[in-house]
Amino acid sequence: SGQASTEIGTASVSGNIVTLVRTFPAPPQTTTATYTLQGDLLTLEGDTEFDFNLDGTPEDARSRTVLIRR
């Protein structure tokens with residue numbers, strides 16, 4: 001929907017959990033996702049927020065991202 005933003009922080013992996021500790025923009029926030037790697041597919045799943053109705057207030061959401069190796 002044309003929304004873009006830059007987030008800066010550090011990422012770490014433990015088992016099948018990816019943790020992003022965001023330091024920019026403020027305030028700091030920690031986000032986690034689970035990942036699975038099966039063949040050429042990397043799947044990331046976790047809780048997030050998204051402004052579905054474009055009113056400026058993000059609503060709770062669940063994200064599932066599938067990356068396919070080329």
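Me: Which strand gives the most to the lining of the largest pocket?
Reply: That is β4, with seven residues. Bear in mind that this is a predicted model.

Me: Which other strands supply at least two residues of that lining?
Reply: β2 (17-24), β3 (29-38) and β5 each do so, as does β4.

Me: How many residues line the largest pocket, and which lie nearest its centre?
Reply: The lining has 24 residues. Glu7, Thr31, Asp47, Thr48 and Glu49 are the ones nearest the centre.

Me: And how does the lining split by class?
Reply: There are seven nonpolar, 11 polar and six charged residues in the lining of the largest pocket.

Me: How much space lies in the largest pocket?
Reply: About 730 Å³.

Me: Let's step back. How many helices and strands are in the protein chain?
Reply: The chain has zero helices and five strands. Along the sequence the pattern reads β-β-β-β-β.

Me: What box do the C-alpha atoms fill?
Reply: Roughly 40 × 25 × 20 Å, taken along the principal axes.

Me: What share of the residues is buried?
Reply: Buried residues are 10% of the 70 in the protein chain.

Me: Okay, charges. How many salt bridges does a search of the whole structure find?
Reply: It finds four. One of them joins the side chains of Arg22 and Glu7, at 3.6 Å from N to O. Arg22 is in strand β2 and Glu7 is in the segment before β1, so this pair ties together parts that are 15 residues apart in sequence.

Me: Is Arg22 buried or exposed?
Reply: Arg22 counts as buried because its relative accessibility is 11%, and the cut-off for buried is under 20%.

Me: What else does the side chain of Arg22 reach?
Reply: The backbone oxygen of Pro27, at 2.8 Å.

Me: Which residue forms a salt bridge with Asp47?
Reply: Arg62 does, with the closest N and O atoms 3.0 Å apart. This pair links distant parts of the chain, since Asp47 is in strand β4 and Arg62 is in strand β5, 15 residues apart.

Me: Why does Asp47 count as exposed?
Reply: Because its relative accessibility is 54%, and exposed means over 50%. Arg62 also counts as exposed, at 54% relative accessibility.

Me: Now the end of the chain. Where is Arg69?
Reply: Arg69 is found in the segment after β5. Its side chain meets that of Asp40 in a salt bridge, at 3.4 Å from N to O. Asp40 is in the loop between β3 and β4, so the two partners are in distant parts of the chain, 29 residues apart.

Me: How accessible are those two, Arg69 and Asp40?
Reply: Arg69 is exposed, with a relative accessible area of 56%. Asp40 counts as partly exposed, at 45% relative accessibility.

Me: How far apart in space are Ile8 and Leu54?
Reply: Their C-alpha atoms are 24 Å apart, and the residues are 46 apart in sequence. Ile8 has its place in strand β1 (residues 8-14). At 48% relative accessibility, Ile8 counts as partly exposed.

Me: Changing topic to Asp51. Where is it found?
Reply: Asp51 is in the loop between β4 (41-50) and β5 (59-68).

Me: Which side chain of opposite charge is nearest to Asp51?
Reply: Arg22, but that side chain is 14 Å away. Asp51 is buried and yet has no salt bridge.

Me: Which backbone nitrogens lie by polar atoms of the Asp51 side chain?
Reply: The backbone nitrogen of Asp55 is 3.1 Å from a polar atom of the Asp51 side chain. For the backbone nitrogen of Gly56, the distance to a polar atom of that side chain is 2.7 Å.

Note on methods
Residues are numbered from 1 along each chain as its sequence is written. This is a predicted model: local features need pLDDT of at least 70, side-chain atom pairs count only at pLDDT 80 or more; totals for chains, interfaces and linings use all residues. Side-chain values use heavy atoms; hydrogens and water are left out. Helices (H or I, at least four residues) and strands (E, at least two) are DSSP runs, numbered from the N terminus. Buried means under 20% relative accessible area, exposed over 50%, partly exposed in between (1.4 Å probe, protein chains only). Lys and Arg count as positive and Asp and Glu as negative; His and the chain ends are not counted. A polar contact is a pair of N or O atoms within 3.5 Å; within protein, one must be able to donate a hydrogen and the other to accept it, and residues adjacent in sequence count only if both atoms are side-chain atoms. On a 1 Å grid over the protein atoms alone, a cavity is a set of points where a 1.4 Å probe fits but cannot get out, and a pocket is an open set with protein on both sides within 12 Å along at least five of seven lines; lining residues have an atom within 4 Å of a point. Grid points are joined across faces, edges and corners, and a volume is the space filled by probe spheres set on the points. Ala, Val, Leu, Ile, Met, Phe, Trp, Tyr, Cys and Pro count as nonpolar, Asp, Glu, Lys and Arg as charged, and the others, Gly among them, as polar.
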